[in-house]
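Thanks for coming, everyone. I'll keep this short. Take a look at the model first, and then we'll walk through it.

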Amino acid sequence: MQHLEHHHTNSWWALLLREAQLVAKDHSLLLTLLIAPLLYAFFYGSIYSNKAEEQVPIDIVDNDQTGLSHTYIQELRNTQMVQIRALVPFETAQENMYKGITQGYLLIEKGLEKKVMSLQGSKVVLVLNAARFLPSSDLLQNITTVTLTVGAGVRLQYNQKQGMSSDISMREVAPVSVDYHPLFNPGSNYGTFLIPGLLALILQQTLLIGLSGGVAAERQHGRIKDWINTANGNVSTAIWGKGLFYFILFGIYGYFFMNVNYRVLGFSVLGNGLELGAMILLFILTLIPMGIFIGSLFRSQLLCTQVMAFSTYPVFLVTGYTWPLQELPAPLQVISALLPTTPFINLYTAIVQQGAGINDRLPSLVHLCALWVMYSFVCIWWLRRIRERDSHVKLAVGA
Amino acid sequence: MIRSVLNICTREWKRILTRPDHYIVLILMPPLLFIFYALIYQNQKAYDLPVVIWDEDHSALSRQLTFMLEQTESIHITGQVNGMEELKTLMQKGKISGAVHFPARMERDIKSRHPVTIPVFTNASALVPGKLIYSDASTVLITAASGVILQKFQKLGMTEAKAMALVMPIQLDTYRLYNPAYNYQQYLVPGLITVALQMMIIMVSVLAINTEWNEGSMQELHGLSNGSAGNIILGKTLAHLGISWINFILVVGILFPYFNLSRSGHHLELFILFNFLSLACTGIGFMISVLAQDTMLAADVGLFYTSPAFVFSGFTFPRWAMPWYDQYYAQLMPYTSFLDGFFQVYFMGLPLSYAGIYMLKMSLFIGFTYFIAVFFLQQRFKKQLAYAAS
């Protein structure tokens, strides 16, 4: 019994060493597994280091040129989001938007102040380039708020002219107001929203591309038999022995991302760090058999890397992170459910961004565990089939 | 020369159609991937997001507002909560995306001229649902507030027109051009497709030259080209350009009309712009392929270079909000220039002249990369000849 256990430990150790040697010899794997995760994490993360956009450029066509229009423009200048590039004629404003110099323009009609003072309806026209969502929606939100504020100021003056005390007129100005509380991302920042998911995706994709590429290389160079023989013929040991290298490596990356990268980018984990660590390790454990299975479908490392390279965006887009899951068509919801990223992202964002615990997302934990079991069985079954097929081919060639 | 180039072009087409690392990426993957992208956003907008009401007022007004909120596109009232903790817990469990709180004495305070604040909560860690809920909720509540002010002024004997002018002294008329309904399919899918196309072109063209050396077929190619690196690069370019035209037809002729993503006219302008992207990407791929003998290394360089193109291009997060060094890096990818031109030609329907500067930038990529590819390939031929002669 003791001898068997010793033998078992030896094969795990041998597999771990074998994998380390294979990776060290293959510069493609070295790049993907050792350099890409760190480089990508800093590289992509830096894009969103300012977290939110500010100073979205617009032009103003001020056809009124009165005290009220100047006050209105000054209020717009006071916001962080709106950058008034220039006061220009209409044609220039339009041309600047066409050229991409501005994201829109505001047209203040002639006679604005006069109409406001004489209680006639007055209009300001905001033209936005909505081809890009973020700048146009941020502009719209901020300019709407400023317009309502200036409108409230007009009402305040009117009330005071009617003889109301300043206290009462202040109360009358805005009897109902909306107070926005964006929870778990107080500034509704794009960077705060995206960076945690991006780091998880980098962890996943570099692991999957590297591991599946490595397994495809094993098939391409006819090393599957050698790999399983190192595990004394036990396919399960072969999978987890190989996977141990990736488990350790990507466990370290996970720890690094959640500590160093988060700190550099000014993030903090709101939930329990231990729970987060446990979920990351479970995620890596699920990705390992999945990556080995995918890699073993290919006989060419190059083709495997090419195909996996195109999986990044589709995987990210169907996990419910950027687009609600319930809005996906039913077949895509099935695909989404088969990806470990979907339950992991659900758990991970809850812990990292919302301060939730695993208990709050138990269905996702069960989902992730089920995928781990499923991919483990699929991978064992498939590798056994490959081994049997290879031995039949050899027998046939021998005969 | 023409015959030589045409022979190389025909030979390259055969290679593309017979090598899995070429035809899977260039022929099989585009329709699958592009349909997948289009299907993700088939609903175009997010509807009926789960929102709860925290009603401490229990008045006719709070019920009326709840009814109005339910009528919006994005909000679906799924229940009631009784406090902040319950609200937060439901968000943490992922059961709700937002909440609206009607404070106690709301209706009475409004009637007795005490200002009332209505808090709207969203789970902003998911940005799309959060923004949609806030937008719809604030529209409903501001409209309701305007109604309250309007009634007050009318009670004072003001005409409706004058009262309206005081309720909304400055009326903001908004024109959201090019995608007025904020349709996610129309916004994201063309961008995702074009970024995938540039990636496909580069990921295959990085294999165009080095595989010939590695697989021993360069001698045959050298013979076909009459020893001219220029003929080889030109012949292969024509073949890859031809395939990219097929993909252009697939996208603009089939997928865009099928998924209602077509914009009026401007197909020719778009085609011209797309050719600049194709040539720039093919040039980059060929340059890498000439310089990197190892195919896996070339593929890794191609992958590393192309995969960040989408985020650096400023499609979803504007470039001006990025740190200065990232803004410079973005300019090192032809997709960035293409995207700027694509916005003008495809989304905004402007004449091609507006994209002139971006075509010029892509021309710089084309000139530089093709020069490097031809020069170093010719140098290598010279070395081989010198080696053979010695």
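**A walk through the two chains**

Let's start with one span of helix. Residues 193-217 of chain A are 100% helix and 0% strand, and the C-alpha atoms at the ends of that span lie 37 Å apart. Keep in mind that this is a predicted model.

Take 238-256 of chain A. That stretch is also described by simple numbers: 100% helix, 0% strand, with 28 Å between the end C-alpha atoms.

Now zoom out. The unreviewed UniProt entry also carries the label "domain: ABC-2 type transporter transmembrane" for residues 28-375 of chain A. Over residues 28-375, chain A is 65% helix and 10% strand.

Next, the domains. How is chain A divided? Domain 1 takes 11-48 + 189-398, and domain 2 takes 56-173. So much for the bounds. Between the centres of domain 1 and domain 2 of chain A there are 51 Å, taken over C-alpha atoms.

On to chain B. Here domain 1 covers 1-42 + 184-389, and domain 2 covers 49-167. The centres of domain 1 and domain 2 of chain B, over C-alpha atoms, are separated by 51 Å.

Now put the chains together. How many residues take part in the contact? Chain A brings 113 residues and chain B brings 114. Together the chains bury about 10,200 Å², and 67% of that is on carbon and sulfur atoms. On the chain A side, F133(A), F310(A) and W323(A) lose the most area to chain B. Those three together make up 8% of what that side buries.

What about charges and polar groups? There are 4 salt bridges between chain A and chain B. One of them joins K131(B) to D138(A), with the closest N and O atoms 3.0 Å apart. Polar contacts across the interface come to 50 residue pairs.

Which element of chain A gives the largest share of the side that touches chain B? Helix α6, residues 133-161, with 18 residues. As for the make-up of that side of chain A, the residues divide into 63 nonpolar, 35 polar and 15 charged.

That's the tour. Over to you.

Terms used: Residues numbered from 1 in each chain as written. Chains lettered and ligands numbered in written order. Predicted model: local features only at pLDDT ≥ 70, side-chain atom pairs only at ≥ 80, totals over all residues. Heavy atoms only, no water. UniProt positions renumbered as here; feature names shortened; annotations may be inferred. Helix = DSSP H or I, 4+ residues; strand = E, 2+ residues; numbered from the N terminus. Domains from an automatic or database assignment. Contact = heavy atoms within 4.5 Å. Buried area = accessible area lost by both parts, 1.4 Å probe. Salt bridge = Lys/Arg side-chain N within 4 Å of Asp/Glu carboxyl O. Polar contact = N/O pair within 3.5 Å; in protein donor to acceptor, adjacent residues only side chain to side chain. Nonpolar A, V, L, I, M, F, W, Y, C, P; charged D, E, K, R; others polar.
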